[in-house]
Amino acid sequence: MTGRSGKTDLPSEGAGAGGKERPNTKRTGELAEAAFLHKAVGLGLKVTKPWGDSERYDFVVDAGERLWRVQIKCTAAVRAGGYHIQPIHYVYGKKKVTYTAEDIDVLAAYVIPLDVWYVVPIEAIGAGTSLRLYPEGGCKVARFEQFRERWDLFGGEVRPVSEVAEEDAESSESVLIRMPVWKPFICRGK
C-alpha cells in the first residue's frame, strides 16, 4: 500500500499475489496503538492497556469520573475521496460484526498519512460497517468531521502537558514535567 506521496508507508509482510507487497496489518495496528498512547498521554490523559488481546477494546482511558473503553483503528486507504475505516471485529462463525456499546465506548480512528485522529463515541457510529473520514475536505456532509481531534470527549479539559507545565512554572509550587521528545514513526516520507 502506498501513501499519497507514492512511497510505502506501512510495514509490509512481503510479496503477495501478483508480486506486490501487502501491508502487515497486525504490525500497522500495533504502531497505531503506540501512536494513540503517545498522543493521549501527551495530552495528560491516564491510559492503561488491558492484559492480552481478548477484549474488544485496546485501551482504557481514566477520565476521573469514568473509564472509557477505546478501540483503535487506523487507515491509509483512500476511497471515494475519503479515508476508509471499518468499525468491525471478527467473531468465529459470524464473520464481521459491528462494534456496539456493549463492546466499546469510543472508536479512535487514526489517519496514518496525515497524523490525524478522530475520537468517535460508539453512539455516533450506529450499525454501519464503514466510516469515511475527510480530513482534507472534499465532502459537503462529512458526518464524522465533528469528531476530529476531539480528545475533550473523554471528559474535562484536555490540554497538552506543556501548557500544564507552563502554568506550574508560573505558580510558587513549581513541578517539572518532562515531555517525550520523540514522535511515533509510522509514515515514511513525511
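In which sense do strand 3 and strand 4 pair, and over how many bridges? I noted first that the model is predicted. I then found that strand 3 (residues 46–48) and strand 4 (residues 59–62) pair in the antiparallel sense, over three bridges. Within strand 4, Val60 stands opposite Thr48.

**Entry: strand 4 and strand 5.** I looked up the next pairing. Strand 4 and strand 5 (residues 67–75) run antiparallel and are joined by four bridges. I recorded Val70 in strand 5 as the bridge partner of Phe59.

**Entry: helix 1.** I checked the span of helix 1 (residues 25–42). Its 18 residues, at 1.5 Å a residue, should span 26 Å, and the end C-alpha atoms are 25 Å apart, which agrees. At the start of the helix, I found a side-chain oxygen of Asn24 within 3.2 Å of the backbone nitrogen of Lys26. After helix 1 comes Gly44, with a positive phi near 90 degrees. I listed the buried residues of helix 1 as Thr28, Ala32, Glu33, Ala35, Phe36, Ala40 and Gly42.

**Entry: His89.** Is His89 buried or exposed? I located His89 in strand 8 (residues 88–91). His89 counts as buried because its relative accessible area is 9%, and the cut-off for buried is under 20%. I also noted a polar contact (3.4 Å) between the side chains of His89 and Arg56. Leaving aside residues up to four places away in sequence, His89 touches Arg56, Lys95, Lys96, Val97, Thr98, Tyr99 and Asp103.

Key: Residues numbered from 1 in each chain as written. Predicted model: local features only at pLDDT ≥ 70, side-chain atom pairs only at ≥ 80, totals over all residues. Heavy atoms only, no water. Helix = DSSP H or I, 4+ residues; strand = E, 2+ residues; numbered from the N terminus. Expected span 1.5 Å × (residues − 1). Buried < 20%, exposed > 50% of the residue type's maximum accessible area, 1.4 Å probe, protein only. Polar contact = N/O pair within 3.5 Å; in protein donor to acceptor, adjacent residues only side chain to side chain. Pairing = 2+ DSSP bridges. Contact = heavy atoms within 4.5 Å.
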